[in-house]
Amino acid sequence: MKHFALIGFPLGHSLSKAYFTEKFSCEGIDADYTPLAIERVEEVLPHCEHLAGFNVTIPHKQTIMPLLAAISEEAQEIGAVNCVKVTPDGLEGYNTDIIGIRKALERVTLEGAKALVLGTGGASKAVQYALRTGGAEVRVVSRAQGSADLTYNDLSEELIAECDIIVNTTPLGMFPNVDSAPALPYSALSAKHTLFDCVYNPRQTKFLQLGAERGAKTIDGMVMFEEQAKASWDIWNN
């Protein structure tokens, strides 16, 4: 039997175990998938002796990188890893989030669009990469002054009205905190806007709900989740 895992903290929101357990059952695969809630990324190392591969989620997508023997070129460019393959030569890191993000945004016109990315973590890095390589003009929002282009205090109605795409890469709205949402002037949203939330549990986050109420197009995080999981499986078994 092959063993796979998810590392992150906390993991109560994750559907990865359910996804892979169903996949293994339906396809007759002799494998299992275990969530490992670890606060320090180094805690994964003792488990690697028994693992064939693992996924990485909040908050370890960047801090995992120094532990890796090899990192794919695209993951290096993005600056974050969410999929690790365990090999005899060490840990190999990849970014499959980018595959899911591109799939989720495939019907959105990126060339020349003005995009706002909320958050600065590992998912944000992949979203920024997807938007910029697609031709969008990207600005990043952080809670902390000086760590991104803007803070939430800078988000005026005029600035939001100028945007075409707004992407939430923060955990705001994620189960169990489903009543939370990024602090935006939602009254400035309209049918010209597209809102994409990387959160997939729940699919209809408060962020997306508030956008939809004002006519914005919305994209939930489920496509991103499923596509990155498929791509991870391909990497582990290549």
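**The pockets and their surroundings**

Mentor: T205 counts as buried because its relative accessibility is 1%; buried means under 20% relative accessible area, exposed means over 50%, and partly exposed lies in between, with a 1.4 Å probe and protein chains only. Please note that this is a predicted model, in which local features need pLDDT of at least 70 and side-chain atom pairs count only at pLDDT 80 or more, while totals for chains, interfaces and linings use all residues. Residues are numbered from 1 along each chain as its sequence is written, and side-chain values use heavy atoms, with hydrogens and water left out.

T205 is placed in the loop between β11 and α6 (206–212); helices (H or I, at least four residues) and strands (E, at least two) are DSSP runs numbered from the N terminus. Apart from residues up to four places away in sequence, T205 touches G173, D197 and V199, where contact means heavy atoms within 4.5 Å.

V199 leads on to P171. Setting aside neighbours within four places in sequence, P171 has contacts with I58 and V199. Between P171 and V199 there are 28 residues of sequence separation, yet their C-alpha atoms are 6.7 Å apart. P171 belongs to the loop between β10 (165–168) and β11 (194–197). With a relative accessibility of 42%, P171 counts as partly exposed.

We now come to the pockets themselves. Rolling a probe the size of a water molecule over the atoms shows where empty space is left. On a 1 Å grid over the protein atoms alone, a pocket is an open set of points where a 1.4 Å probe fits, with protein on both sides within 12 Å along at least five of seven lines, and lining residues have an atom within 4 Å of a point; a set from which the probe cannot get out is a cavity instead. Grid points are joined across faces, edges and corners, and a volume is the space filled by probe spheres set on the points.

The largest pocket has a volume of about 820 Å³. Its lining consists of 41 residues, and I58, A123, T169, T170 and P171 are those nearest its centre. At least two lining residues come from each of β3 (53–56), α4 (122–133), β8 (137–142) and α7 (222–236). By class, this lining holds 18 nonpolar, 20 polar and three charged residues; Ala, Val, Leu, Ile, Met, Phe, Trp, Tyr, Cys and Pro count as nonpolar, Asp, Glu, Lys and Arg as charged, and the others, Gly among them, as polar.

The second largest pocket has a volume of about 190 Å³. Among its lining residues are F9, P10, H13, I58, P171 and P176. Its lining comprises eight nonpolar and four polar residues, with no charged ones.

F9 and P10 are joined by a cis peptide bond, with omega about -5°, and P10 sits in the loop between β1 (2–8) and α1. I58 is likewise joined to P59 by a cis peptide bond, with omega about 5°; P59 is in the loop between β3 and β4 (70–71).

H13 is placed in the loop between β1 and α1. Because its relative accessibility is 8%, H13 counts as buried. H13 and P176 are 163 residues apart along the chain, and 7.1 Å separates their C-alpha atoms. Beyond residues up to four places away in sequence, H13 touches T57, M174, F175, Y200 and N201.

S16 counts as buried, since its relative accessibility is 6%.

Finally, the wider context. The protein chain contains seven helices and twelve strands, and 52% of its 238 residues count as buried. Of the contacts with a separation of 6 or more, 64% are between residues 24 or more positions apart. For 238 residues, a compact globule would have a radius of gyration near 18 Å, and the 18 Å of the protein chain agrees with this; the radius is taken over C-alpha atoms, and the globule rule is 2.2 Å times the number of residues to the power 0.38. The C-alpha trace spans about 55 × 35 × 30 Å along its principal axes.
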